[in-house]
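This briefing covers strand pairing, backbone geometry and domain layout. The sequence and the structure come first.

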Amino acid sequence: MADSELGFGWINDKQFLSYSFSVQKNRLKREPRWTWLRIMLLVLGSICGAWLFDYLYNNNDLMEVFARQTEILDGKVVEVQCSEDYDSYQRFAGCTPVKCGRAVTDSVVNREEAEKMLSIARRGLSLGGSDGGASILDLHSGALSMGKQFVNIYRYFGEKVKELFTAEDFRLYSELRWRIQQRVADTFGIDPNVLHLTKPTFFSRMNSTEAKTMHDEYWHPHIDKVTYGSFDYTSLLYLSDYKADFGGGRFVFVDEHVNSTVEPRKGRISFFTSGSENLHYVEKVERGTRYAITVSFTCDPAHAVDDPTLP
Ligand SMILES: O=C(O)CCC(=O)C(=O)O
Ligand SMILES: [Fe+2]
């Protein structure tokens, strides 16, 4: 065979055979190293790719789950350092937070009781509702979202309200409020009797309808002590289930490095000291409807309110 037919004009058959043998030998020698290098590059590339995808397309904030919807928590408590917010207000020894933190429990209110509270929320909110995605009903003042404003259900609907709620509804509210108060006091090492219910105490209903007024914009980070003044300890009783009833709408504690979420679960109570050590927001609800009730406590007897009662 002529050299030219081989296509390698500058070597003959014998040279070619010996060349290809030595190339194969070298390749065999090099192959394990190259294979490992390729695998390592592939793994590294995949990790970087996944990280980049997550960074570009998912929420950029680092998040950890404090309470997952599927968990049943007896009581999960995390202590955080108290902010100085409480110094701007009168301090009440044995009540004003000196130990601050956040906690979640699924064992204070059962799902049946939460279902009954949900029924109260549905009935009350059926009278009105915001044009945007967030409606509230404040049982204490009677404030109900209506279109782009609020009305007083007790004045606006008069007798109709009496037909809507029963004495049992209000009894249940008082019973659950007292149980929550005891758990809050126990967790933060204070006497439950030094705590007072404070206003606003309200049901909330959130969905994905576009906001029409600033009252619909529940997703801004805020400090309850600043927003509501009298609050020292905030509690939230969730009346629907994250994922099953709605998407989005997780509660988020905003922290320096990693935010942490509470996934609502029917009957779950999330409670925390109300200062800036517990800056938080609610994620936008993406689908379905999310119900909750805010029940909060003050140390200041001047801001105490009685339990709501039948008008
Ligand atoms: O519904 C929630 O999870 C929180 C609501 C809230 O932050 C508030 O009412 O101040
Ligand atoms: Fe809040």
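Strand β11 (residues 251-253) and strand β12 (residues 259-262) run antiparallel and are joined by three bridges, where strands are DSSP runs (E, at least two residues) numbered from the N terminus, and two strands count as paired if DSSP finds at least two bridges between them. This is a predicted model, in which local features need pLDDT of at least 70 and side-chain atom pairs count only at pLDDT 80 or more, while totals for chains, interfaces and linings use all residues. Residues are numbered from 1 along each chain as its sequence is written, and chains are lettered from A and ligands numbered from 1 in the order in which they are written.

**Sheet**
- Phenylalanine 251 has valine 262 in β12 as its bridge partner.
- An open sheet of four strands has the order β1-β12-β11-β14, with mixed pairing.
- At its edges lie β1 (63-67) and β14 (280-282), each of which pairs on one side only.

**Backbone geometry**
- Most residues other than glycine have a negative phi, and most peptide bonds are trans.
- Lysine 243 is partly exposed because 14 other C-beta atoms lie within 10 Å (buried means 20 or more, exposed 12 or fewer, and partly exposed in between, with C-beta atoms placed from the backbone).

**Domains**
- The protein is divided into domain 1 (31-60) and domain 2 (62-303), with bounds from an automatic or database domain assignment.
- The C-alpha centres of domain 1 and domain 2 are 43 Å apart.
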